[in-house]
There are 4 protein chains.
Amino acid sequence: MLIVMETGVTDDRVASVVRAIEEKGLKAHPIPGSLRTAIGITGNQGPLDPAEFEMLPGVAQAIPVTQPFKLVSREVKREDTVIEVSGRKIGGDAFCVIAGPCAVESERQTIEVAKRVKAAGAHFLRGGAFKPRTSPYSFQGLGAEGLELLSRARKETGLPIVTEALDTDTVDLVAEHADVIQIGARNMQNFSLLRKVGRTRRPVMLKRGMSATIDELLMSAEYIAAEGNYSIFLCERGVRTFSNHTRNTLDLSAVPAVKRLSHLPMIVDPSHGTGKRDQVTPLARAAAAVGADGIMVEVHDQPERALSDGPQALYPDQFDALMKDIKAIASLVGRTI
Amino acid sequence: MLIVMETGVTDDRVASVVRAIEEKGLKAHPIPGSLRTAIGITGNQGPLDPAEFEMLPGVAQAIPVTQPFKLVSREVKREDTVIEVSGRKIGGDAFCVIAGPCAVESERQTIEVAKRVKAAGAHFLRGGAFKPRTSPYSFQGLGAEGLELLSRARKETGLPIVTEALDTDTVDLVAEHADVIQIGARNMQNFSLLRKVGRTRRPVMLKRGMSATIDELLMSAEYIAAEGNYSIFLCERGVRTFSNHTRNTLDLSAVPAVKRLSHLPMIVDPSHGTGKRDQVTPLARAAAAVGADGIMVEVHDQPERALSDGPQALYPDQFDALMKDIKAIASLVGRTI
Amino acid sequence: MLIVMETGVTDDRVASVVRAIEEKGLKAHPIPGSLRTAIGITGNQGPLDPAEFEMLPGVAQAIPVTQPFKLVSREVKREDTVIEVSGRKIGGDAFCVIAGPCAVESERQTIEVAKRVKAAGAHFLRGGAFKPRTSPYSFQGLGAEGLELLSRARKETGLPIVTEALDTDTVDLVAEHADVIQIGARNMQNFSLLRKVGRTRRPVMLKRGMSATIDELLMSAEYIAAEGNYSIFLCERGVRTFSNHTRNTLDLSAVPAVKRLSHLPMIVDPSHGTGKRDQVTPLARAAAAVGADGIMVEVHDQPERALSDGPQALYPDQFDALMKDIKAIASLVGRTI
Amino acid sequence: MLIVMETGVTDDRVASVVRAIEEKGLKAHPIPGSLRTAIGITGNQGPLDPAEFEMLPGVAQAIPVTQPFKLVSREVKREDTVIEVSGRKIGGDAFCVIAGPCAVESERQTIEVAKRVKAAGAHFLRGGAFKPRTSPYSFQGLGAEGLELLSRARKETGLPIVTEALDTDTVDLVAEHADVIQIGARNMQNFSLLRKVGRTRRPVMLKRGMSATIDELLMSAEYIAAEGNYSIFLCERGVRTFSNHTRNTLDLSAVPAVKRLSHLPMIVDPSHGTGKRDQVTPLARAAAAVGADGIMVEVHDQPERALSDGPQALYPDQFDALMKDIKAIASLVGRTI
């Protein structure tokens, strides 16, 4: 159920509707808009009666939400969500670029790459401190030490940090260092982890699972929103198909599909989406052209020595060139970069 | 095996090498280049000895081809193939736009749509006279009459025609009317049909099968080339995956993947690739940005009355807008449209 | 539309209803049943009015068919179709085994393998004379000579022949030699070919395409039936997925799914379905257990020398062992082998 | 690296080799065999020198392991792993049947279903207390109370319990009540959870992820084994493909594929694998025939009222019939049930 308040209603009115909802044992999610405030209701077992809410003072309308996802749906909020992180915007007219190494490997590497991607115009630094690896015997990331190095790179460059939280035990530690918490593809349906990041107040970047439908992706975002954290953006990173010329098949149609159904921003990761360095730039251009809200790209100053995913990391010079292409295309489709 | 001739060699020399190849029971495929001529050899059962050919007068080098596809591979021909049809180019610096209705339905519809897409800047008119339909009870196209209508539309607008040949029986009839013969996704491995169009001298547009790998697509192109028809371009039109928000999953990474392996042009069909009108424009933009050599788009003046695939046809006004977007992006990536 | 005749109605009555249908420009397909005759109607553009037919003498009921496939649907014919070929049955209580080499390579090989599979209890000999090959440079089969060799093997062993027709040009030639015409996976939607085999009176084995849904498979069978050939059985041979430990992913659930929707028999091809010799026997056992009407298995006396698909061919001794397993399982699920 | 000890070597010798390994900063995994003991070594960053270990007293041979998975590979242990739980065996000649409701809903339902499946011959009771649900608003399971109900059902029927652990926070609680801890498909690459169950001493059933390859499945099992818990069995439960007639595509070829590579038992879940009640029995029969070590089947006394996955739950009578079929087929392929 979505409660739409009258225009110009006072904060007190909103607060008293929230109280009324909570008194029924339900959860209220106030959603301020440019014109008027709405309040999403979750926690009901069966359908609710709109009449029960429409008689409350200040309520314009109570609308049943037909999609299985509520808080993240366009039905509930028409306007695009725009997330602000240290002065950078994700969503709306902005086109955001997140770049950096797959894994944080050393202070030298992290700061060197951070400086290079900043100089090229990136808005965020990415880097994994906790790495999900198929093999227990592969490099698992530097952990807490890696988070420290990311903090140092932020201090040095001013770039806010995007880094992954792998499990409920380390969410709080990650949240201390990260400006944006990444939830990886393998954890898209790790519901305990989704709930936990939903209870932090850090923005969350949620990656699409390797075989997740758009509905499932939005339901996972709903898990985060249902805990009260509405600063969520999504990331298409390729899906598993028979097509074997790339590591994954980048499903760019996910971007317009998500935008029809949801107000959340969606970016694209052409590095994991293709797994091959020479595919990253053309697919990054395509992501900008298709209407994505940004890209996340892996860059390494010595890809051939990278401890993970070297073959998909761009050389810094390639990233410089990519930024030029992207800026031109993004501005063509009405984006500021 | 690829024979590279010395630079500046006479046509006679080339002809005598061709004869020498044919005398061994093999097939010779001369491939003129801007610098020098090469000759592809096919028809051998096992490996050939380079020395046998290198001693022929005028031969610079004989190179074994490691890819399973020979004539269509970059190993055999480094330069991009550019196909010319009635003054329009496909490949190289050109970005070509093929547009028109899914099926030819009537003279009025065909000519009306042809005029509209021409006015908007399309280079070719598409339209199906023979339609492959999942159900025997669906509209199967106007057949020969449809081809006549396409010829009339060409006369009226000057647009060359792209239309599908469905079987060996009708290839010759289609070749009489079509400027480019389309081989559809369902026929990508109809090898008898591939051989037959390989024996015509019409340019061929070969669509990727719904579950074909890039290697299989190039092997199918090789079937056409092996018959002596080298005017081939490819078309990505989406593949079958679990992902259910679009009719197919448009695999744009196929474009850079093909360009690494082959000299053939590749265009993208965002209409079949998505199956949804509101997805066509963003994915067409992405196709231009990823480096495709063109797009094929379905346009109908009354999509809601279309006899096939109405939900994916653009309204003429939408096509006008798409052309503007595409022109801007294509020129950004160094293409003339 | 399905016309159900009254029980015990005379042949004349049926004939006059057929005439009445044809006079309306429609096509009538009489379907004799054990209790009473039905007549399928196809060829209508829009919905038909049952009342128009129910007033004809001898008609019990006219029932609109809701499935997109008509003649092959269970709605139209409740009882399982049983096809008889030279005294062997396909469908019903029978479990049929089709075995032989992938390709006919020589008289010695064909007859040797035919004798071995007959001795082991196979009911049909398979062998490709016309081979669809991904590469134009691979062995394409012995063609007409291969068909002669198959006829000789039939004479020698009494085994009826299953062999593939690749195109409309060779259907008639194949029909002269084959007891069952195979339509391969790559041709499942070669509609011209389907129509052509629909006009022969040979039984047809239709293989599921690599990325075909069950509905599409049944629609392709409908193409054959709509031409008047009702002796059709289907074959699951694996579909394309990301799963890379086998050549294809054998989708055994297709068998019960087809049986719910259609009266046609369905067999399973574990050789192409897995592509690996050591997977063939376990998956053949599973096919028998899941309720398939038979299996088609590749056997070669010298797999390591096979001209195509050697790695998936069983040695004759392995086939002997497989037959023992299959007989036991088939009889457990109520089948006679 | 795998250390093979001499036959008849004393426990002291084994212990001193373990110490020698640990002194090099590596991890030793003793693997007792019927003939002789082996010791797996993990934790090395690069390749180890066999000579370093072969000179230790009692060591017969040091063999580098070529597969990316070590402890779970057949290279390291030739004999099938057999897991014993309260007198029931999983693996070897046994065929084990795990049955029960999708979710524990009430004491009545749990005990009623437990009694029914026990009477039919099931060896284990399954039932979810913690349920992973796509929507945050769906029934999430009874949690701790559900575990209590399962314990009560075990007391009542003697059936050991298989139930899912969803996150690291609840593993210990689940381990207190469960005889076998299930790791679900969505958590197959939740590496923190895998490590945590690896540190319990409960047997673990690891389900294949929806888009996991066999190698990835075995690598996830390796995570558990690397922590010292070797009582692992795997479960095929269907993968995501384009094929839409079932909820997932049950990939039965996974069973022989796993058995070639690994000594771990593998069972099949036809309930999730198909998602449709009328598909469960045929696919369960196929699972027995393909050589699986068991099946896991959902049974509910009132499927139409089930709080989750009702459409795939068998009625108790259907389960009775299934058990008869399975017993016959399992014994045919050399299994005791």
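User: How many residues does the contact take from chain C and from chain D?

Analyst: This is a predicted model. The contact takes 32 residues from chain C and 31 residues from chain D. Residues count as in contact if their C-beta atoms lie within 7 Å.

User: Which elements supply the side of chain C that touches chain D?

Analyst: α8 (254–261), α10 (277–290) and α11 (316–332) of chain C each give two or more residues. α10(C) gives the most, with 9 residues. By class, that side of chain C has 17 nonpolar, 12 polar and 3 charged residues.

User: What makes the relation of chain C to chain D that of a two-fold axis?

Analyst: A rotation of 180° superposes chain C on chain D, with 0.0 Å of shift along its axis and an RMSD of 0.0 Å. That is therefore the relation of a two-fold axis. Of the residues of chain C, C:A286 comes closest to the rotation axis, its C-alpha at 2.1 Å.

User: How do you know that the copies meet through the same surface?

Analyst: Of the interface residues of chain C, 97% are also interface residues in chain D, so the copies meet through the same surface.

User: Why is the crossing of α3(B) and α4(B) called right-handed?

Analyst: The axes of α3 (residues 107–120) and α4 (residues 144–157) of chain B come within 9 Å and cross at roughly 40°. A crossing is right-handed if the near helix is turned clockwise from the far one by less than a right angle. The crossing of α3(B) and α4(B) is right-handed.

User: Which residues meet there, and of what class?

Analyst: In α3(B), the residues include B:E107, B:I111 and B:K118. In α4(B), B:L149, B:R152 and B:E156 are among them. By class, this contact has 5 nonpolar, 2 polar and 5 charged residues.

Methods. Residues numbered from 1 in each chain as written. Chains lettered and ligands numbered in written order. Predicted model: local features only at pLDDT ≥ 70, side-chain atom pairs only at ≥ 80, totals over all residues. Contact = placed C-beta atoms within 7 Å. Helix = DSSP H or I, 4+ residues; strand = E, 2+ residues; numbered from the N terminus. Nonpolar A, V, L, I, M, F, W, Y, C, P; charged D, E, K, R; others polar. Least-squares fit on C-alpha atoms with pLDDT ≥ 70 in both. Axes fitted to C-alpha atoms, helices over the stretch in contact; angles between N-to-C directions.
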